[in-house]
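This report describes selected side-chain interactions in a protein model. Please consult the sequence and the structure alongside the text.

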Amino acid sequence: MQGQTQSISFDGREIRLTTGRFAPQAGGSVMVECGDTAVLVTATRSNPREGIDFLPLICDYEERLYAAGRIPGSFMRRESRPPERATLIARLIDRPMRPLFPAWMRDDLQVVATCLSLDERVPPDVLAVTGASMATLLARIPFYGPMAAVRVGLLGDDFVLNPSYREIERSELDLVVAGTPAGVIMVEAGANQLPEQDVIEAIDFGYEAVNELIKAQLAILQDLGISQVLPEARTDDDALPAFLQKECGGAIGEVLKQFSQSKTERDEKLDAIKAQVSETIAGLKDNDAIKVAVSRHSKALGNSYKSLTKTLMRAQILQEGKRVDGRNLDEVRPIQAAAGVLPKRVHGSALFQRGLTQVLSCATLGTPSDAQEMDDLNPSTEKTYLHHYNFPPYSTGETKPMRSPGRREIGHGALAERALVPVLPSKESFPYVLRVVSECLSSNGSTSMGSVCGSTLALMDAGVPLKAPVSGAAMGLIKEGEEVRILTDIQGIEDFLGDMDFKVAGTEKGITALQMDMKITGLEVKTIAQAINQARPARLHILEKMLEAIEKPRDILSPHAPRLLSFRIDPELIGTVIGPGGRTIKGITERTNTKIDIEDGGIVTIASHDGAAAEEAQRIIEGLTRRVSEGEVFNGSVTRVIPIGAFVEILPGKEGMIHISQLSESRVEKVEDVVNVGDQVTVRVREIDNRGRINLTLRGVPQQEPTAAEA
């Protein structure tokens with residue numbers, strides 16, 4: 001069980017890959033380690049399945065809380081369904097891996113990455129992505145690799161490779177770049193309104209490091225005596241594609257050139273052509289090669305018809321520069337936007353539509369206790385901005401069961417969340433927890449960027465003082481040999497039949513989020529730069545249309561949104577506010593009908609629908625935490641009388657006691673002879689004892705004359 005360990009010196013850090021020791025029955029396995037972070041990655045292949053026309057690839061990322069020396073907090077005290085961030089890492093592995101398998105492969109493939117140990121200086125996600133490539137190569141699965149991934153941060157003016165969690169928090173950029181020898185294959189980024197050129201340089205910087213990891217993987221294979229299995233070229237020998245080209249190629253081309261038609265009309269015409277050619281094939285003799293080819297596989301006709309449509313659509317774009325809806329390559333679809341479309345029971349709402357893509361976004365303002373607690377391996381333990389994305393089947397005119405959010409919904413929500421986080425106000429200036437839900441009502445390409453736009457409008461409608469509004473556009477690509485065309489604001493058919501889906505979100509100042517996925521094996525950085533630069537005028541055009549709906553955040557919150565007051569107290573006095581067993585803070589909340597949250601750093605947040613009640617709670621807490629000095633004079637109310645003295649509330653929530661001997665210059669037989677509950681008195685702080693108790697006196701303190709109302 002010794003195995004073989006290879007080390008890679010990478011940007012001053014050592015990455016260790018151990019093969020032949022763990023998971024011996026997996027097709028291929030590798031333990032990837034850096035610092036004290038260890039990720040076991042396996043790749044396994046099983047026999048192909050009959051009757052499917054897609055690659056059945058599953059990429060899973062598993063977290064084990066023992067990796068950080070923790071026990072799960074659930075009732076069962078064991079890991080259950082993957083947390084959201086684990087699902088996002090699984091997608092991070094899947095997205096660059098999927099295009100690298102041959103189109104003809106129908107074998108069941110599964111890549112499993114398990115984080116076994118976590119060093120807070122070394123995030124495991126990019127190690128898992130690189131490990132997936134290495135495990136696949138070791139499993140001798142046909143694969144257009146190697147592939148590797150790195151993270152790039154920006155601290156000051158310097159790019160940093162694979163920054164730690166703390167460095168990521170301080171960084172102006174959090175960029176993951178994955179690539180192959182053919183070029184960049186995936187980009188995932190969040191940025192603090194960075195200029196386009198800075199992001200392009202970061203991608204280029206990251207891809208250089210990716211190349212070093214690719215070379216290292218090839219060197220390890222050579223040391224182990226393993227030859228990489230490259231996919232063999234397979235051609236379709238039957239005559240079906242040529243038959244379809246002859247029978248219906250011209251008709252399909254004519255439909256694609258009818259620019260004024262709607263998507264529904266185009267789809268109906270294409271379906272009619274397919275049905276007609278299917279009838280033609282059915283009328284052929286049983287031994288005809290075309291009929292045999294169709295009968296051999298139930299999806300042969302559909303796949304070949306789709307392939308022909310794809311070829312004709314791409315040729316039209318490359319040769320004529322026209323898209324199926326008649327737009328130029330850099331043209332955005334018609335935009336409609338509206339804010340405040342729902343009653344104010346919903347704190348903020350907006351409807352954003354671009355072409356046939358329509359998204360309804362709804363914003364909710366919550367209190368600090370509404371923050372989401374994160375029970376995963378990431379050091380950050382809570383989220384105060386939540387973005388959820390829903391994609392019901394009616395959005396594409398389909399019917400299917402409605403289930404819990406899948407990986408796609410989680411990923412799209414996370415992308416929109418990442419795009420908006422850089423422009424949210426600070427907790428000190430706007431202490432609300434924010435949740436936005438984007439309901440995709442109609443989908444024809446780029447609903448995630450529609451969610452970014454709609455959510456910006458909804459937050460502004462809710463009165464959230466954003467630093468700047470954010471818009472987004474999805475860019476596409478058609479690449480045939482050296483011919484490359486970048487498409488702005490792709491619609492569904494262009495996403496489905498194109499080579500790239502590149503989402504760019506940002507403000508007028510710069511980029512806040514990127515996500516690029518490829519269907520080819522890589523793309524040069526210069527082409528990516530062209531797409532990023534072409535996205536900017538589209539983003540600004542969309543932003544201009546959005547601001548016509550609502551120019552700035554509303555000055556007044558919804559009457560149904562909670563009112564929050566936030567202020568800071570001395571952290572050492574938190575216990576004073578809470579009181580024994582929480583009695584003090586419970587008494588304040590009951591007295592004022594408010595909700596109070598206190599953070600460890602001393603930030604107090606009071607929530608109430610009644611502003612006066614919130615201010616009263618603040619006065620009480622400030623009174624409790626104000627430090628009283630000897631000799632200070634206060635006007636207070638007698639709250640209790642006991643045989644040896646009286647208690648006076650000198651500040652909201654803070655009492656002191658007047659001993660019976662301090663009630664008068666002369667001897668007092670009975671406390672009630674001088675003061676009673678409810679009396680207003682002027683007292684001086686005589687002393688504060690070593691237990692913090694405040695002792696008061698009336699002796700030598702002039703009393704205010706009662707007003708007529710008090711007399």
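The model is predicted, so local features need pLDDT of at least 70 and side-chain atom pairs count only at pLDDT 80 or more, while totals for chains, interfaces and linings use all residues. Residues are numbered from 1 along each chain as its sequence is written, and side-chain values use heavy atoms, with hydrogens and water left out.

**Salt bridges**

A salt bridge is taken as a side-chain nitrogen of Lys or Arg within 4 Å of a carboxyl oxygen of Asp or Glu. By this rule the structure has 47 salt bridges.

| Glu 616 | Arg 591 | 3.4 Å |

Helices (H or I, at least four residues) and strands (E, at least two) are DSSP runs, numbered from the N terminus. The salt bridge between Glu 616 and Arg 591 ties together parts 25 residues apart in sequence, because Glu 616 belongs to helix α15 (residues 611-625) and Arg 591 to helix α14 (residues 583-592). Glu 616 and Arg 619, by contrast, both lie in helix α15, three residues apart, about one turn of the helix.

Accessibility is classed as buried (under 20% relative accessible area), exposed (over 50%) or partly exposed (in between), using a 1.4 Å probe and protein chains only. Arg 591 is exposed at 53%, whereas Glu 616 is partly exposed at 21%. Arg 619 is partly exposed at 42%, and Glu 655 is partly exposed at 31%.

A network of salt bridges links Arg 95, Asp 125, Arg 151, Asp 174, Glu 188, Arg 418 and Asp 517. Contact means heavy atoms within 4.5 Å. Not counting residues up to four places away in sequence, Arg 95 touches Met 186, Val 187, Glu 188, Gln 515, Met 516 and Asp 517. The C-alpha atoms of Arg 95 and Lys 519 are 9.4 Å apart, although 424 residues separate the two in sequence.

**Aromatic rings**

Rings of Phe, Tyr and Trp (its six-membered ring) pair if their centres lie within 6.5 Å; planes under 30 degrees apart count as stacked, over 60 as edge-to-face and the rest as tilted. The structure holds four aromatic pairs. One of them is the tilted pair of Phe 101 and Phe 143, at 5.4 Å centre to centre and 45 degrees between the planes. Phe 101 is buried at 6%, and Phe 143 is buried at 0%.

A charge sits over a ring if NZ of Lys or CZ of Arg is within 6 Å of the ring centre and within 35 degrees of the ring normal. Arg 408 lies over the face of Phe 391, 4.1 Å from the ring centre. The charged end of Arg 640 sits over the ring of Phe 647, 3.9 Å from its centre.

**A buried glutamate**

Glu 63, in strand β5 (residues 57-63), is buried yet has no salt bridge; Arg 85, the nearest side chain of opposite charge, is 6.5 Å away. The side chain of Glu 63 reaches the backbone nitrogen of Leu 377 at 3.3 Å.

Terms used:
Lys and Arg count as positive and Asp and Glu as negative; His and the chain ends are not counted. A polar contact is a pair of N or O atoms within 3.5 Å; within protein, one must be able to donate a hydrogen and the other to accept it, and residues adjacent in sequence count only if both atoms are side-chain atoms.
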